[in-house]
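This briefing covers the domain arrangement, a pocket, salt bridges and some backbone details of the model shown below.

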Amino acid sequence: MVMSVPRLVIAAPSSGSGKTTVATGLMAAFAARGLAVSPHKVGPDYIDPGYHALATGRVGRNLDAYLCGPELVAPLFLHGSRGCDLAVVEGVMGLYDGAAGEGELASTAHVAKLLRAPVVLVVDASSQSRSVAALVHGFASWDPRVRVGGVILNKVASDRHEELLREALDSSGVPVLGALRRVAQVDTPSRHLGLVPVAERQAAAVDAVQAMAAQVAQGCDLDALEALARTAGALPAGSAPWTPAPPADHPPRPAEKRAPVVAVAGGPAFTFSYAEHTELLTAAGAEVVPFDPLRDERLPEGTAGLVVGGGFPEVYAAELSANEPLREAVAELALSGAPVAAECAGLLYLCRELDGRPMCGVLDATARMTDRLTLGYRDAVAVGDSALAPAGTRMRGHEFHRTVVEPGAGAAPAWGVRAPARRVEGFVQQGVHASYLHTHWASEPGVARRFVERCRTS
């Protein structure tokens, strides 16, 4: 049996119950005790891990049983938690809510079972008293393989309200491990795709995380929560930490004087990325160099390939458009045939224009904001060969945007999508692969290796 760090999964009956506040506050409170805390987030969310990283000083990592497959959840957890004293995993949506039409797949409950971790249920108690016991009993008994080890009551109105809630839960068999009052300064601002990312708030985000930590430390029994974390079961036999290194039977790459430079867009406009992508690119032999399209007027010296992930270019369209020297440099790189991988925000940046403002003009397409949210997991297959994958490669992705690109696909599409409706999507031209789909390369490490190899030879 493989032993791993003590761990907790922070879940809730529904979205909006306070999972992020509690999970981030717990991470920061445990870190303040001198523990090395490993932060994790169930699902494809890019924003919450930024707050987790502030709380712990470590990279926030995602555990997504849909994008990566259930078999990679424990290995990715072990990879992220290596050398830590404790791990806190923030859930997604309601405890039992998973991928639409896929049963428990990718739900918080599913991940908790894969990690053999106890669950702490965060309950919004603002509009109930005795009924809280029925709610907790239902969630704790729904699936016997999910161990709800405690409850944290959130948005408690008063001492009397807390007393009523605790009395109701006395007979539930699930201990109350904390009670939090509603505190305005813990709130974090939101907009069209959720919380405002850390990179856009910086000092304010630090203050918010400190406020979360103070509230959780004051209202929760940290000793009891740590003790609960230590009851997590051993992970299944054969579990081993995920590694970005190529498999032993993979042909060694040729000796080279200098690793190819892969420029990766960052800064406030492009905050959506998985840490494993950079690790895979580095392991494949690339020198990964970050840059900020809002401020840098040229690509990093020697750029041989470009990765532009997700984020909020629609918020920064004016600034991105004003940086004409960089837009021209990106267009020139793409025209040269160099590999360019763009997801969602990156797709918009490569278009001719976004909301009427000039972008890089790599793709003969326009992008604009809409009122409609496009959200959900996708099954996809590569329509043709590209810098990322050969034709026929199957990957799972996730869409999350309020924009539309017209046309939605080029003469050579990036993906054929099977659900919720069959369609083609994205653009492949020369070395460019641009699409709305967010993918997690740990599920298909050959993507990074192929990209870096193309950087060497293009």
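The centres of domain 1 and domain 2, taken over C-alpha atoms, are separated by 31 Å. The model is a predicted one, in which local features need pLDDT of at least 70 and side-chain atom pairs count only at pLDDT 80 or more, while totals for chains, interfaces and linings use all residues. Residues are numbered from 1 along each chain as its sequence is written, and side-chain values use heavy atoms, with hydrogens and water left out.

**Domains and their interface**

- The chain is divided into domain 1 (5-229) and domain 2 (259-454), with bounds that come from an automatic or database domain assignment.
- Domain 1 gives 23 residues and domain 2 gives 28 residues to the contact, where contact means heavy atoms within 4.5 Å.
- About 2,400 Å² is buried between domain 1 and domain 2, with 65% of it on carbon and sulfur atoms; buried area is the accessible area (1.4 Å probe) that two parts lose on being put together, summed over both.

**Salt bridges**

- The whole structure has 24 salt bridges, each defined as a side-chain nitrogen of Lys or Arg within 4 Å of a carboxyl oxygen of Asp or Glu.
- Glu279 forms a salt bridge with Arg61, with the closest N and O atoms 2.7 Å apart.
- Because Glu279 lies in helix α10 and Arg61 in strand β3 (residues 61-63), this pair ties together parts that are 218 residues apart in sequence; helices (H or I, at least four residues) and strands (E, at least two) are DSSP runs, numbered from the N terminus.
- Glu276 also forms a salt bridge with Arg61, the closest N and O atoms being 3.1 Å apart.
- Across the interface of domain 1 and domain 2, the rule finds two salt bridges.

**The second largest pocket**

- The second largest pocket holds about 910 Å³ of space, a pocket being an open set of points on a 1 Å grid over the protein atoms alone, where a 1.4 Å probe fits, with protein on both sides within 12 Å along at least five of seven lines. The volume is the space filled by probe spheres set on the points, which are joined across faces, edges and corners.
- Of its 45 lining residues, Thr271, Phe272, Ser273, Tyr274 and Ala275 are the closest to the centre of the second largest pocket; lining residues have an atom within 4 Å of a point.
- Helix α10 (residues 275-283) supplies the largest share of this lining, six residues.
- Domain 1 and domain 2 both give residues to the lining, so the second largest pocket lies between them.

**Backbone details**

- Glu406 and Pro407 are joined by a cis peptide bond, with omega about -5°.
- Met93, although not a glycine, has a positive phi of about 50°.
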